[in-house]
Amino acid sequence: MRRFGRTLVTATLAVTVVGGTAGWASGESQSAVTGPPPGTAAWRADTAYGRALPDPATATPHEVARFFAGLDDAARSALVRNHPLVVGNLDGAPVPLRYEANRLAVVATGEARYASLAAPDRRILAFDPRGRGQVAEVFGDLEHAAHVSVIVPGSDNDATSHDARRAPHTGPAGMARALRTATEPPVADGSVAGGSVAAGSMAAGSVAAGSVVAAGSVAVIAWTGYTTPVGVGLDAADGRLAAAGAPRLARFTAGLDAVGAPDPVLFCHSYGSVVCGLAARHTDAADIVALGSPGMRADTADDLRTGARVWAGRGPSDWIADVPNVSFAGIGHGADPTSAAFGARRVPAADVRGHAGYFTPGTQSLAAFAAIAKGEVR
């Protein structure tokens, strides 16, 4: 009987996911982009500096940071010119060098779909043109920020769609801009940009209430740094792409630490929360926030084995609630992070509309995200 039950649940999940939910089409299988960036072979062969350059595949971000600290400006500039794709993706390299390297790398592709990423006002912290393309973009001053947040998106995101025209406040760049705006200082009338936290005392383990206090600046990074599923198909139902993306996210956060950035807050949307769940124990995140999550490949928050505070929220009309929270034969992502049994702190989301509305200005969820991002919640 138990075997029949498991089979039935798995079949139900397969039909739900492969058939699409809320009008989504079935997805196509994706090949995960992994390993060091393009140009690594030429970088390894470069002996112009009298010593081996740090291997992008094996050197830790802190080793990379120490290497660059020992170079003069001329040597740094030469590495940017000669190896832009490596420097631009090398976690632990100085932030300004990565911005310049990625501008050069984008231009060098000659591809119109990436051209906007090379604009002078873009701060591109990572760019990899392989496959559908991967990108990480900074909003705010990462070098001097008192707080850092990282948006980890779900399906249908890549370097081309990262900042594509779509509904406002959705997509990696749209979410990052909305959060950055919501964390800016209060305007003259005393209100808080992007919504305010409801008045009253902060309830333990929630962001349902609390007063807003002064905080330092926040930099927000839209991290489309892994191969995401396309549509809602088997790639979205299993953990293969998340397992490939998790080490990339962990290394990215280690790179932030290596350049002196504060411990980040990870905002993990949809399938991105699966990536965050698998990466959790390997990051130094201060907080991990799962929103619209199909599961984090863990039965409880404690099973994530992270020192970060774990939060979860889901809107009342989010179709993700219709995806069964099971895990069997590699299909499904496990327990619902918003369930009481999971043990995450709750993020209010009663006024969120749909699956992509969590960063809409004026919503309880965005106000709560801003409070978490600024370190105002204890």
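Me: How do you know what span is expected for α6 at 1.5 Å a residue, and what does α6 reach from its first C-alpha to its last?
Reply: The expected span of a helix is 1.5 Å times one less than its number of residues. α6 has 15 residues, and 21 Å is expected. From first C-alpha to last, α6 reaches 21 Å, close to that value. A word on the source: this is a predicted model, where local features need pLDDT of at least 70, side-chain atom pairs count only at pLDDT 80 or more, and totals for chains, interfaces and linings use all residues. Residues are numbered from 1 along each chain as its sequence is written, and side-chain values use heavy atoms, with hydrogens and water left out.

Me: What makes a stretch a helix or a strand?
Reply: Both are DSSP runs, numbered from the N terminus: helices are H or I with at least four residues, strands are E with at least two. Helix α7, residues 171-182, has 12 residues. α7 reaches 16 Å, close to the 16 Å expected.

Me: What makes α7 mostly covered?
Reply: Count its buried residues. Buried means under 20% relative accessible area, exposed over 50%, partly exposed in between (1.4 Å probe, protein chains only). In α7, 9 of the 12 residues are buried. Among them are Met175, Leu179 and Ala182.

Me: What covers the buried residues of α7?
Reply: The cover includes strands β2, β3, β4 and β5, plus helix α11.

Me: Is α11 itself mostly covered or mostly open?
Reply: Mostly covered: 9 of its 10 residues are buried. They include Leu366, Phe369 and Ile372. Its cover includes α7, β6 and β7. After α11 comes Gly375, with a positive phi near 70°.

Me: Why are α4 and α6 called roughly parallel?
Reply: Check the angle. Axes are lines fitted to C-alpha atoms, for helices over the stretch in contact, and angles run from 0 to 180 degrees between N-to-C directions. Under 35 degrees counts as roughly parallel, over 145 as roughly antiparallel, 65 to 115 as roughly perpendicular and the rest as oblique. α4 and α6 pack at about 30°, with axes 9 Å apart. Therefore they are roughly parallel to each other.

Me: Which residues of α4 and α6 meet?
Reply: Contact means heavy atoms within 4.5 Å. Arg76, Val80 and Arg81 in α4 meet Leu97, Glu100, Ala101 and Leu104 in α6. Of these, Leu97 and Ala101 are listed as buried in α6. Gly110 follows α6, and its phi is positive, near 65°.

Me: What makes α9 oblique to α10?
Reply: Their axes come within 8 Å and cross at roughly 60°. That makes α9 oblique to α10. Ala242, Ala243, Gly245, Ala246 and Leu249 of α9 make the contact with Val274, Val275, Cys276, Leu278 and Ala279 of α10.

Me: What makes a group of residues a nonpolar core?
Reply: The members are buried Ala, Val, Leu, Ile, Met, Phe, Trp, Tyr and Cys residues, joined through side-chain atoms within 4.5 Å. The largest here has 43 residues, and Leu125, Leu142 and Phe342 are among those touching the most other members. Helix α9 gives the most to this core, with 6 residues. Apart from it lies another core, of 29 residues, including Val265 and Ile372.

Me: What does Leu142 touch, leaving aside its neighbours within four places in sequence?
Reply: Its contacts include Val95, Tyr99, Leu125 and Ile221. In soluble globular proteins, nonpolar side chains tend to be buried together.
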